[in-house]
Amino acid sequence: GHEIATKSALFIQKLKLMKPYKKLNIQEQRYFDRLVKDLEYCGLLNEADSVIVTRCARSIQLLEEADAELKGNQIQTYPNGSRQVSPELTVYKTHLAHVEGFLKQLGLTPAVRDKMRNEQSEEVSDPFDIIMNHSHTG
């Protein structure tokens, strides 16, 4: 009883103390808050590092901005016939790799989500889908 209450109190304290290590804009703060909620939901908040969560939130915002820049055919053909992937696609892929890396460091990967689904009897929403499809969830 007392041990559980102590662990619960420490967890609540960690949740309240989890703040970005540097100033975020409004959208980045929303991503940060969402990541903290997802980490809490997955039971990973106690293992989370504020620096990684902050960097992940910023990277998600940069990924969204890069996604907005993608237009039409992402292969450029030059007059001499050579072809190259557009710079916008290269930037997008770089930001996507950063987001995926941070999510892996935080434990918000498909393996963690599969384990979570198997441990719970009821249907749960997928934290990664919520993060990656945030514009569709408000």
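A word on the source before we start. What you see is a predicted model.

Let's begin with the overall layout. The protein has seven helices and two strands. Read from the N terminus, the order is α-α-α-β-β-α-α-α-α. There are 138 residues, and 32% of them count as buried.

On to helix packing. Two packed helices are described by the angle between their axes and the distance between the axes.

Helix α2 covers residues 26–41. Its axis and that of α3 come within 8 Å and cross at roughly 125 degrees. What does that make them? The crossing is right-handed.

Which residues of α2 meet α3? They are Q27, E28, Y31, F32, L35, V36 and L39. On the α3 side, the partners are S50, V53, T54, C56, A57, R58, I60, Q61 and E64. By class, this contact holds nine nonpolar, four polar and three charged residues.

Let's zoom in on A57. A57 sits in helix α3. Is A57 buried or exposed? Its relative accessibility is 0%, so A57 counts as buried. Leave out residues up to four places away in sequence, and A57 touches E28, Y31, F32 and L35. Look at E28 in particular. A57 and E28 are 29 residues apart in sequence, yet their C-alpha atoms are 5.4 Å apart in space.

Next, S50. S50 is also part of helix α3. At 18% relative accessibility, S50 falls under the 20% cut-off and therefore counts as buried. What does S50 contact beyond its neighbours within four places in sequence? The list is M18, K19, P20, Y21 and F32.

Now the second pair, α3 and α4. Helix α3 spans residues 50–69, and helix α4 spans residues 87–106. Their axes come within 8 Å and cross at roughly 155 degrees. That is over 145, so α3 and α4 are roughly antiparallel to each other. This crossing is left-handed.

From α3, the contact uses I52, V53, R55, C56, S59, I60, L62, L63, A66, D67 and E69. From α4, it uses E88, V91, Y92, H95, L96, H98, V99, F102, L103, Q105 and L106. The classes here are 14 nonpolar, four polar and four charged residues.

Some α3 residues turn up in both contacts. V53, C56 and I60 meet α2. V53, C56 and I60 are also in the contact with α4.

Last topic, cysteines. A disulfide is a covalent bond between the sulfur atoms of two cysteines. How many disulfides are there? The count is zero. C56 has 0% relative accessibility, so C56 counts as buried. C42 has 16%, so C42 counts as buried as well.

Key:
Residues numbered from 1 in each chain as written. Predicted model: local features only at pLDDT ≥ 70, side-chain atom pairs only at ≥ 80, totals over all residues. Heavy atoms only, no water. Axes fitted to C-alpha atoms, helices over the stretch in contact; angles between N-to-C directions. Helix = DSSP H or I, 4+ residues; strand = E, 2+ residues; numbered from the N terminus. Parallel < 35°, antiparallel > 145°, perpendicular 65-115°, else oblique. Left-handed = near helix turned anticlockwise from the far one by under 90°. Contact = heavy atoms within 4.5 Å. Nonpolar A, V, L, I, M, F, W, Y, C, P; charged D, E, K, R; others polar. Disulfide = S-S within 2.5 Å. Buried < 20%, exposed > 50% of the residue type's maximum accessible area, 1.4 Å probe, protein only.
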